[in-house]
Amino acid sequence: MNLRTANELLRSGQMRLLMGAMRLVRPYYRLLWLVAAFRSGLMARLDGRTLSFDELAQDRLQDPRDRDWLRAWLELGVRVGQLRLEGGRYSLRSTL
């Protein structure tokens with residue numbers, strides 16, 4: 001969002017509405033991420049373990065060029081609260 005749009009939202013009083021809508025979107029992203037993590041086998045792979053990005057990528061990726069999307073997907077897992085990243089190692093954060 002650019003500064004002009006943000007300013008117009010603030011002046012019109014719609015910023016609260018936008019912020020409320022954004023709070024509704026986070027659980028949706030969390031659910032979608034969880035479904036993808038279960039289907040891909042990531043949840044089973046991380047169950048009770050901490051693994052580095054390289055360890056997660058080594059048997060998941062056929063093409064080394066896919067490392068960027070895998071890293072972005074794992075970072076989304078951290079942002080939605082399902083993964084923990086400490087010392088370059090991923091682990092499950094949620095009990096789901």
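## A first look at the chain

Of the 96 residues in the chain, 29% are buried, where buried means under 20% relative accessible area, exposed over 50% and partly exposed in between (1.4 Å probe, protein chains only). This is a predicted model, in which local features need pLDDT of at least 70 and side-chain atom pairs count only at pLDDT 80 or more, while totals for chains, interfaces and linings use all residues. Residues are numbered from 1 along each chain as its sequence is written, and side-chain values use heavy atoms, with hydrogens and water left out.

Let us begin with the overall layout. The chain has 5 helices and 3 strands, which follow one another as α-α-α-β-α-α-β-β. Helices (H or I, at least four residues) and strands (E, at least two) are DSSP runs, numbered from the N terminus.

The strands form an open sheet with antiparallel pairing, in the order β1-β3-β2. Its edge strands are β1 and β2, each of which pairs on one side only. Two strands count as paired if DSSP finds at least two bridges between them; β2 and β3 share 4 bridges in the antiparallel sense. In general, strands of a sheet pair through backbone hydrogen bonds, either parallel or antiparallel.

Here are some elements to find in the structure.

| Element | Residues |
|---|---|
| Helix α2 | 15-40 |
| Helix α5 | 67-79 |
| Strand β1 | 51-52 |
| Strand β2 | 83-86 |
| Strand β3 | 89-92 |

Helix α5 lies across β2 and β3 and runs at about 105° to β2. Such angles run from 0 to 180 degrees between N-to-C directions, with axes as lines fitted to C-alpha atoms, for helices over the stretch in contact.

Now for two residues. S91 sits in strand β3, and S91 counts as buried because its relative accessible area is 11%. Leaving aside residues up to four places away in sequence, S91 touches L46, R49, T50, Q82, L83 and R84, a contact being heavy atoms within 4.5 Å.

Y28, by comparison, belongs to helix α2 and counts as exposed because its relative accessibility is 51%. Together with V25, Y29 and L32, Y28 makes a nonpolar surface patch of about 390 Å².

Finally, back to the whole chain. Among contacts between residues at least 6 apart in sequence, 46% join residues at least 24 apart.

Conventions. Patch = residues over 30% accessible without salt bridge, like charges linked within 9 Å, V, L, I, M, F, W, Y side chains within 5 Å. Areas by Shrake-Rupley, 256 points an atom, 1.4 Å probe, with all protein chains shown as cover. Salt bridge = Lys/Arg side-chain N within 4 Å of Asp/Glu carboxyl O.
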